Amino acid sequence: MNVDPEVQLRLLDVQKLDLKLDQLAHRRATLPEVAEVQSIAAEHTRLGDALVVAQTTVGDLEREQKRADADVEQVRTRKARDQKRLDSGQVSSPKELESLQREVESLNRRQSELEDAELEIMERLEQAQGEVDALTAQRQTTEQRVREVQQNRDAKWAEIDQEAEEARAQRAELAGQLPDELLALYEKIRASSGGIGAAALRRRMCEGCQMQLDPAEVKRIASFAPEVVIRHDECRRILVRVPDSGL
Ligand SMILES: [Zn+2]
């Protein structure tokens with residue numbers, strides 16, 4: 001392929017801009033804010049899961065408390081009924097009287113046990129409710145924090161995008177001056193060679209792979225007319241001759 005040496009030099013400018021665009025894309029993806037947003041979002045999700053668990057516990061305990069309430073109420077009612085009978089003076093049989101008194105005593109103990117259990121449920125409920133409140137507050141904090149970090153990230157992204165947009169415009173203009181065939185070859189090599197498709201031959205060194213050319217290759221390259229597009233034998237990249245190529 002033959003390309004005017006001046007045009008070949010433009011390929012190095014395109015390469016420079018492509019590397020710049022690669023670096024900008026890398027910087028965009030690896031901003032600390034990007035990882036931070038992800039980690040806070042993960043924390044937010046974790047808190048959300050914990051909140052659901054805590055809310056379920058609260059719901060369970062509320063039902064338990066209602067049941068305990070009903071149990072206590074039932075014992076109270078029964079005790080009141082027994083007491084009423086005792087107070088009415090209608091129970092004449094000593095045996096029945098004793099049985100009723102024993103039942104009232106038993107109901108007293110039962111009530112006391114149930115009330116203790118209810119108290120314990122209420123304590124657990126209070127604790128669980130406290131956890132729900134704490135998790136809700138923490139979630140609000142992470143929500144706020146994620147918004148702040150997202151804003152920082154977006155501001156940095158906007159700067160990078162602006163810079164990339166300018167580089168892309170420059171690149172498009174330069175690429176427009178290159179023959180399609182040369183550009184296609186460059187793109188193909190670039191895709192398979194770590195982002196570098198064309199490099200300057202400077203002081204007998206390929207700047208693409210940083211290898212010094214052996215004298216035989218220097219001789220071979222020197223034998224080509226300036227417009228011949230050459231490639232480094234070693235790395236297969238397009239080698240562009242510059243004023244200090246050392247040929
Ligand atoms: Zn090379």
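Tutor: Let us begin with helix H2, residues 32-88, in what is a predicted model. At 1.5 Å a residue, its 57 residues should span 84 Å, and the end C-alpha atoms are 82 Å apart, so the two values agree.

Student: Which residue follows H2?
Tutor: Gly89 follows H2, and its phi is positive, near 75°.

Student: Changing topic, how much space lies in the largest pocket?
Tutor: The largest pocket holds about 230 Å³ of space.

Student: And which element supplies the largest share of its lining?
Tutor: H1 does, with five residues. Helix H1 (5-29) and strand E1 (198-202) each supply at least two residues of that lining. The lining residues include Leu12, Lys16, Ala199, Arg202 and Val242.

Student: How do the lining residues divide by type?
Tutor: Seven are nonpolar, one is polar and four are charged.

Student: What does UniProt list for residues 206-239?
Tutor: An unreviewed UniProt entry lists residues 206-239 as "domain: C4-type zinc ribbon". In the model, the end C-alpha atoms of this span lie 7 Å apart, and the span is 24% helix and 21% strand.

Student: Where is Glu217 placed?
Tutor: Glu217 is in helix H5, residues 215-222.

Student: Is Glu217 buried or exposed?
Tutor: Glu217 is buried, because its relative accessible area is 7%, and buried means under 20%.

Student: What is Glu217 in contact with, leaving aside its neighbours within four places in sequence?
Tutor: With those set aside, Glu217 is in contact with Arg231, His232 and Asp233.

Conventions
Residues are numbered from 1 along each chain as its sequence is written. This is a predicted model: local features need pLDDT of at least 70, side-chain atom pairs count only at pLDDT 80 or more; totals for chains, interfaces and linings use all residues. Side-chain values use heavy atoms; hydrogens and water are left out. On a 1 Å grid over the protein atoms alone, a cavity is a set of points where a 1.4 Å probe fits but cannot get out, and a pocket is an open set with protein on both sides within 12 Å along at least five of seven lines; lining residues have an atom within 4 Å of a point. Grid points are joined across faces, edges and corners, and a volume is the space filled by probe spheres set on the points. Helices (H or I, at least four residues) and strands (E, at least two) are DSSP runs, numbered from the N terminus. Ala, Val, Leu, Ile, Met, Phe, Trp, Tyr, Cys and Pro count as nonpolar, Asp, Glu, Lys and Arg as charged, and the others, Gly among them, as polar. The expected span of a helix is 1.5 Å times one less than its number of residues. UniProt positions are given in the numbering used here, feature names are shortened, and annotations may be inferred rather than shown by experiment. Buried means under 20% relative accessible area, exposed over 50%, partly exposed in between (1.4 Å probe, protein chains only). Contact means heavy atoms within 4.5 Å.
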